[in-house]
Amino acid sequence: MMEPQGYFKFERVEWQKLSKRAELPLTTQQLTDIKALNDRISLEDVQDVYVPLVRLLQKKYSDFEKWNRDKLDFLQIPMRKTPFIIGISGSVAVGKSTTARLLQVLLSNWFGDLKTQLITTDGFLYPNAELEQRGILNRKGFPESYNMNALIDFLGAVKSGRGNIEVPKYSHQVYDIVEGEYDVIDQPDILIVEGINVLQLPANQSIYVSDFFDWSIYVDADPELIEKWFLERFEVLLDTAFHDPTDYYYQYAQMPRKEAFKMAREIWRDIDLKNLEEFILPTRFRADVILHKTEHHVLDGVMVRK
């Protein structure tokens with residue numbers, strides 16, 4: 001794990017001592033339902049890593065609330081709720097979705113008076129038909145495949161307190177935007193925004209997605225391990241899609257496994273690894289917190305910005 005300037009570094013054993021053990025609001029089965037397909041996160045990981053993380057987040061949120069109250073009082077502006085936005089980034093297959101969903105569960109249960117919602121940036125991908133028309137379907141997930149203006153407008157609307165904001169729904173099963181279906185974000189106290197692109201600085205824009213974040217997390221691991229997890233997930237998806245012709249992965253499930261995995265390795269090398277190295281990994285040190293994972297998805301260290 002690199003030791004950049006400007007971060008406090010904690011090994012897992014040091015980090016877990018920063019907060020008392022807590023009664024977790026979920027069972028092993030509930031954690032299984034939350035986690036990504038092949039993520040091996042355990043209740044012990046939640047206790048050792050996520051409990052201190054949520055306690056630190058609580059302190060950040062308290063400071064955020066106080067600053068907003070003091071600011072509005074000084075400016076003699078009527079009090080209004082300003083959503084606290086958390087950005088979560090990292091590579092494909094690294095487990096950032098598990099982190100996002102787990103944080104939502106912990107925050108919703110431990111701070112029941114606060115409304116916590118979660119959104120992924122997948123809904124801001126251009127539909128496959130438009131990506132194909134633009135000739136960039138093979139660059140899905142790269143910065144140019146997202147409607148960044150729409151994402152920035154959405155975050156601006158959230159911060160301004162607008163209610164019932166519709167976000168296009170993305171289906172991993174069909175691998176596309178679902179026409180006519182939406183997720184609705186309605187004036188949350190805390191909004192978690194998860195996506196590979198949330199810490200990137202796209203060209204030719206004066207406002208960035210991360211400008212709206214009050215806290216950010218990057219889920220990190222060595223690329224060789226992420227490739228292994230990517231292929232493990234691919235195998236699970238093939239097994240799941242084998243009898244469902246509507247599933248995007250059905251076409252690959254019908255192929256000889258050796259041929260399917262050859263194709264998956266090419267996708268990782270030519271698309272996901274390239275995207276990671278060129279656009280995702282360089283944003284790692286823009287995060288406030290970095291969670292580092294090792295073999296078997298074990299969270300072995302945490303870095304916190306000074």
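A: E295 and K228 form a salt bridge, with their closest N and O atoms 2.3 Å apart. A salt bridge here is a side-chain nitrogen of Lys or Arg within 4 Å of a carboxyl oxygen of Asp or Glu. Side chains of opposite charge can pair when their charged atoms come close. Where do the two partners lie? E295 is in the loop between β8 (289-294) and β9 (298-305), and K228 is in helix α7, so the pair ties together parts that are 67 residues apart in sequence. Helices (H or I, at least four residues) and strands (E, at least two) are DSSP runs, numbered from the N terminus. E295 is partly exposed, with a relative accessible area of 31%. K228 is partly exposed too, at 33%. The cut-offs are simple: buried is under 20% relative accessible area, exposed is over 50%, and partly exposed is in between (1.4 Å probe, protein chains only).

This is a predicted model: local features need pLDDT of at least 70, side-chain atom pairs count only at pLDDT 80 or more, and totals for chains, interfaces and linings use all residues. Residues are numbered from 1 along each chain as its sequence is written, and side-chain values use heavy atoms, leaving out hydrogens and water.

Now follow helix α7 to another pair. E232 forms a salt bridge with R40, and the closest N and O atoms are 3.5 Å apart. E232 lies in α7 (residues 223-241), while R40 is in the loop between α2 (28-34) and α3 (43-75), so this pair ties together parts 192 residues apart in sequence. R40 counts as partly exposed, at 41% relative accessibility.

Next come K115 and D186. Their side chains meet in a salt bridge of 3.9 Å, N to O. This pair links distant parts of the chain, 71 residues apart. K115 is in the loop between α4 (96-110) and β3 (116-120). D186 is in the loop between β5 (176-185) and β6 (190-194). K115 is partly exposed at 35%, and D186 is partly exposed at 25%.

Some charged residues join in a group. R12, R21, E44, D45 and D48 are linked in a network of salt bridges. The structure holds 20 salt bridges.

For a contrast, turn to Y146. Is this residue buried or exposed? Y146 is buried, because its relative accessible area is 5%. It sits in the loop between α5 (128-133) and α6 (148-159). Leaving aside neighbours within four places in sequence, Y146 has contacts that include T121, F124, Y126 and N197. Contact means heavy atoms within 4.5 Å. Y146 and N197 are 51 residues apart in sequence, and 8.8 Å apart in space, C-alpha to C-alpha.

Finally, step back to the whole chain. The protein chain has 9 helices and 9 strands. Buried residues make up 49% of its 306 residues. Among its contacts with a separation of 6 or more, 73% are between residues 24 or more positions apart. Along its principal axes, the C-alpha trace spans about 65 × 45 × 40 Å.
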